Amino acid sequence: MKKAMVSVLSVVLALTMAACGSKPAVPAESSANGAAAGGAAKEVTLKVGATAVPHAEILNSVKAKLKEQGINLEIKEFTDYVQPNVQVAEKQLDANFFQHTPYLEQQNKDKGFNLVKVTGVHIEPFGGYSQKIKKIDELKDGATVAIPNDPSNGGRALALLEKNKLIKLKDGVGVNGTVKDIVDNPKKLNIKELEAAMLPRVLGEVDLALINTNYALEAKLTPTKDALFIEDSNSPYVNILVARPDNKDSDAIQKLAKALNSEEVRTFINSKYNGAVVPAF
């Protein structure tokens, strides 16, 4: 009996010592709660403004990829070049994708914005189009030539007219020229400045229009086929993703930038636009 009692006491003592020397077990419920607390990151919505073609199309091509990374890409389409910057500056949008650096710099200067480039994505070669002539030699004296009325694209159009020997600009103005800088106009061309988005619509009313590629594509024009002349691939007008200084380095914006500079986007641009839009990365 004593022996049995000693055995029982020995077992109890051993169990007690073992319990004191070990860490308390964590209940399964607590582990689950901890995982939930630290759990998957909440999906972030990223609002980006863009013109429809090709910008919104390019953004749509990375939407699924970003979704896998916890980013809900919300694309707001615009038909003008003014509101996308206004809405990013006013924090109605997180970023925009529709413009090149010269235009952004002019907008920052004129409107007092402080918007910044995040990354370059593509180049849209600027071209001259007509429904009245088949080649530039057929352009008559006194012909009406429509160009964009914003300073950066207007200067770009004039520089392209000069390159094709239709006008001569004041020395040194380059792509910053205005109609006032035209020093020689041998054909007495009537230069008409209009909002960029309107140019495809007035193509039948003018003799020649210099149109941004995004608006040309929207009008079902193929720059490499329909343009009488076009910028080459050395154009400095790279279209850029734009944000604010306070959010340009955010995780969501940087993931978008990386996606836009991916091999998948390079393949998408090359296959969809056949040289009318050229990757810039």
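The model is predicted, so local features need pLDDT of at least 70 and side-chain atom pairs count only at pLDDT 80 or more, while totals for chains, interfaces and linings use all residues. Residues are numbered from 1 along each chain as its sequence is written, and side-chain values use heavy atoms, with hydrogens and water left out.

Let me begin with the chain as a whole. It holds 11 helices and 13 strands; these are DSSP runs numbered from the N terminus, helices being H or I of at least four residues and strands being E of at least two. Of its 281 residues, 44% count as buried. The chain exposes about 15000 Å², of which carbon and sulfur atoms supply 53%; accessible areas come from the Shrake-Rupley method with a 1.4 Å probe, and for residues only the protein chains shown count as cover. Where contacts join residues at least 6 apart in sequence, 74% of them link residues at least 24 apart, a contact being heavy atoms within 4.5 Å.

I turn now to the first sheet. It is an open sheet of six strands in the order 2-1-3-12-4-13, with mixed pairing. Strand 2 and strand 13, residues 278-279, stand at the edges with a single partner strand each, so one side of each has no neighbour in the sheet. Two strands pair if DSSP finds at least two bridges between them. Strands of a sheet pair through backbone hydrogen bonds, either parallel or antiparallel.

Strand 1, residues 44-51, runs parallel to strand 2, residues 71-78, and eight bridges join them. Within this pairing, Thr45 stands opposite Asn72, and Lys47 stands opposite Glu74. Strand 1 also runs parallel to strand 3, residues 95-100, through three bridges; there, Gly49 has Asn96 as its bridge partner. Helix 3, residues 52-61, lies across strands 1, 2, 3, 4 and 12 and runs at about 155° to strand 1. For such angles, axes are lines fitted to C-alpha atoms, for helices over the stretch in contact, and the angles run from 0 to 180 degrees between N-to-C directions.

Strand 5, residues 127-129, pairs with strand 11 in the antiparallel sense over two bridges, and Gly128 stands opposite Phe229 of strand 11.

At 1.5 Å a residue, the 13 residues of helix 7, 151-163, should span 18 Å, and the end C-alpha atoms are 18 Å apart, which agrees. The expected span is 1.5 Å times one less than the number of residues. After helix 7 comes Lys165, with a positive phi near 60°.

Next, the aromatic residues. How many aromatic pairs does the structure hold? It holds five. Rings of Phe, Tyr and Trp (its six-membered ring) pair if their centres lie within 6.5 Å; planes under 30 degrees apart count as stacked, over 60 as edge-to-face and the rest as tilted. The ring centres of Phe98 and Tyr103 are 6.0 Å apart with the planes at 75°, so this pair is edge-to-face. Phe98 is buried at 3% relative accessible area, and Tyr103 is buried at 5%. Phe268 and Tyr273 also form an edge-to-face pair, at 6.2 Å centre to centre and 85° between the planes. Here Phe268 is partly exposed at 23%, whereas Tyr273 is buried at 7%. Tyr81, Phe98, Tyr103 and Tyr215 form one aromatic cluster.

Lys225 counts as exposed at 64% relative accessibility. Its C-alpha atom is separated by 9.1 Å from that of Ala276, 51 residues apart along the chain.

Methods: Buried < 20%, exposed > 50% of the residue type's maximum accessible area, 1.4 Å probe, protein only.
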